[in-house]
Amino acid sequence: PSPTRDGARPPDILREAMTFDLVEGGRLLAVGTLAPGTSDRFAQEIAKRGSYVKTVVLDSPGGSVADALAMGRLIREKRLSTSIEAGGRCASSCPLVLAGGVERR
């Protein structure tokens with residue numbers, strides 16, 4: 001499903017496992033639930049995208065605390081920023097990922 005007119009994702013997409021999509025400006029969109037194993041897929045995505053990723057943009061209802069902590073640590077290690085765009089959400093364990101950003105918006 002595409003974003004709504006105001007840019008927010010439909011609520012049903014957040015029930016799905018997190019997906020990653022690199023968009024302009026070095027932003028890696030991370031949308032969906034933090035299911036077990038998400039941090040491994042995230043690490044693979046970061047390794048594959050290399051220096052292109054500058055900011056991880058979150059839109060998540062949360063989920064696995066262990067995966068959120070691992071993602072936050074990798075974000076800090078790579079010195080990436082984190083953000084939540086207008087209409088996005090970051091609930092439950094998602095703020096643990098957000099906190100990893102060297103700059104948070």
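Trainee: Which residue's side chain meets that of Arg 105 in a salt bridge?
Mentor: This is a predicted model, where local features need pLDDT of at least 70, side-chain atom pairs count only at pLDDT 80 or more, and totals for chains, interfaces and linings use all residues. Residues are numbered from 1 along each chain as its sequence is written, and side-chain values use heavy atoms, with hydrogens and water left out. A salt bridge puts a side-chain nitrogen of Lys or Arg within 4 Å of a carboxyl oxygen of Asp or Glu. At 2.5 Å, N to O, the partner of Arg 105 is Glu 103.

Trainee: Which residues do salt bridges with shared partners join into one network?
Mentor: Side chains of opposite charge can pair when their charged atoms come close. Shared partners link such bridges into one network of Glu 45, Lys 48 and Arg 49.

Trainee: What is the N to O distance between Glu 45 and Arg 49?
Mentor: Glu 45 and Arg 49 lie 4 residues apart in helix α1, about one turn. Their side chains meet in a salt bridge at 2.7 Å.

Trainee: Is Glu 45 buried or exposed?
Mentor: Buried means under 20% relative accessible area, exposed over 50%, partly exposed in between, with a 1.4 Å probe and protein chains only. Lys 48 has 60%, so Lys 48 is exposed. Arg 49 has 27%, so Arg 49 is partly exposed. Glu 45 has 10%, so Glu 45 is buried.

Trainee: Which side chain makes a polar contact of 2.8 Å with that of Ser 39?
Mentor: Ser 39 is in helix α1, residues 38–49, and is buried because its relative accessible area is 13%. A polar contact is a pair of N or O atoms within 3.5 Å; within protein, one must be able to donate a hydrogen and the other to accept it, and residues adjacent in sequence count only if both atoms are side-chain atoms. The side chain joined to Ser 39 is that of Asp 67.

Trainee: What is the angle about the S-S bond of Cys 90 and Cys 94?
Mentor: A disulfide is a pair of cysteine sulfur atoms within 2.5 Å. Cys 90 and Cys 94 qualify, S to S 2.1 Å. Cys 94 is buried, at 0% relative accessible area. The link is left-handed, with an angle of -100°.

Definitions and conventions. Helix = DSSP H or I, 4+ residues; strand = E, 2+ residues; numbered from the N terminus.
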